[in-house]
Amino acid sequence: MELCVALDLPSKEKNIELAQKLRDYPLWLKVGLRSFIRDGKEFVQELQSLGEFKIFLDLKLYDIPNTMADAAEEIAKMGVEMFNIHASAGMEAMSGVMQRLQSLPKRPLVLAVTALTSFDEEQFAKIYNDTIEHKAKQFAKEAYEARLDGVVCSAFESRVIKRITHEDFLTLAPGIRPFGESSDDQKRVADLKLAKQNQVDIIVVGRPIYQASDPKAVVQEILTKL
Ligand code: C5P
């Protein structure tokens, strides 16, 4: 299992400060919409120059197939190691992204977002006319068929997704409270043990690290338990 730290601090300076503290560790860093819209490519380049970090650009692309493939190519040019797209954009869009990336000398990993965790069943059914679990499994299968590298999912779904796709199909799970810390606004949280039992490949941890008085110590502690 690998650790991805969510850079969700309110300013570029604070995010860079955190990354600097963690530069000695083999980590993924997650750059989300807010940071990317505010701080752009320069922010990503600064992170890349800090250390051996792998960058996960969490922009959740959703558009027509050609636009998604164009955007994916631009992301690949930035030299990040991973980004994500919505499975609900459809098979054509997902396959199109992968085809475009295959033609490049080096490509990032691509994950599919199945169901946003902010939905409850009623809200979800209004859009997808299905249950969250059923649709999420279908999206995962489609992402696998479209040759993506994996999905974003909860630690609880990781095992079943691997069972219906392939054991090498990556699962990345947010909502992790490594040692049973406060769940904050997350509805269902898993600790390290549960994530491991469910064969999660990459865990995303934000607040338990960046709100800690000593983020480095927390990262170190997590890394020894992966
Ligand atoms: O602070 P915390 O560990 O809860 O942060 C989790 C990170 O993962 C945040 O950046 C959040 O936006 C993201 N995320 C999530 N649930 C999803 C997808 C992304 O918590 N389903």
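Trainee: Why are helix 1 and helix 2 called roughly parallel to each other?
Mentor: In this predicted model, the axes of helix 1 (residues 12-21) and helix 2 (residues 33-50) cross at roughly 25 degrees and come within 10 Å. Angles under 35 degrees count as roughly parallel, and helix 1 and helix 2 are therefore described in that way. Their crossing is right-handed.

Trainee: What makes the contact of helix 1 with helix 2, and how is it divided by class?
Mentor: Helix 1 contributes Lys12, Asn15, Ile16, Ala19 and Gln20, while helix 2 contributes Ser35, Arg38, Asp39, Phe43, Glu46, Leu47 and Leu50. By class, these residues comprise five nonpolar, three polar and four charged.

Trainee: Why is helix 5 called oblique to helix 6?
Mentor: Helix 5 (residues 121-128) packs against helix 6 (residues 132-145) at an angle of about 50 degrees, with the axes 10 Å apart. Roughly parallel would require an angle under 35 degrees, and roughly perpendicular one of 65 to 115, so the angle of about 50 degrees makes helix 5 oblique to helix 6. Glu121, Phe124 and Tyr128 of helix 5 make this contact with Ile132, Lys135 and Phe139 of helix 6, a set with four nonpolar, no polar and two charged residues.

Trainee: What describes the packing of helix 3 and helix 4?
Mentor: Helix 3 (residues 65-77) and helix 4 (residues 91-102) have axes 8 Å apart and an angle of about 35 degrees, and helix 3 passes helix 4 in a right-handed crossing. Among the residues that meet are Met68, Ala72 and Ala76 in helix 3 and Gly96, Val97 and Leu101 in helix 4. The residues of this contact divide into eight nonpolar, two polar and four charged.

Trainee: Which distances apply to Thr117 and to Arg207?
Mentor: An N or O atom in the Thr117 side chain is 2.9 Å from a nitrogen atom of the ligand, whereas for Arg207 a polar backbone atom is 2.7 Å from a ligand oxygen atom. The residues around the ligand also include Asp8, Gln186 and Gly206.

Note on methods:
Residues numbered from 1 in each chain as written. Predicted model: local features only at pLDDT ≥ 70, side-chain atom pairs only at ≥ 80, totals over all residues. Heavy atoms only, no water. Axes fitted to C-alpha atoms, helices over the stretch in contact; angles between N-to-C directions. Helix = DSSP H or I, 4+ residues; strand = E, 2+ residues; numbered from the N terminus. Left-handed = near helix turned anticlockwise from the far one by under 90°. Contact = heavy atoms within 4.5 Å. Nonpolar A, V, L, I, M, F, W, Y, C, P; charged D, E, K, R; others polar. Parallel < 35°, antiparallel > 145°, perpendicular 65-115°, else oblique. Near = heavy atom within 4 Å. Polar contact = N/O pair within 3.5 Å; in protein donor to acceptor, adjacent residues only side chain to side chain.
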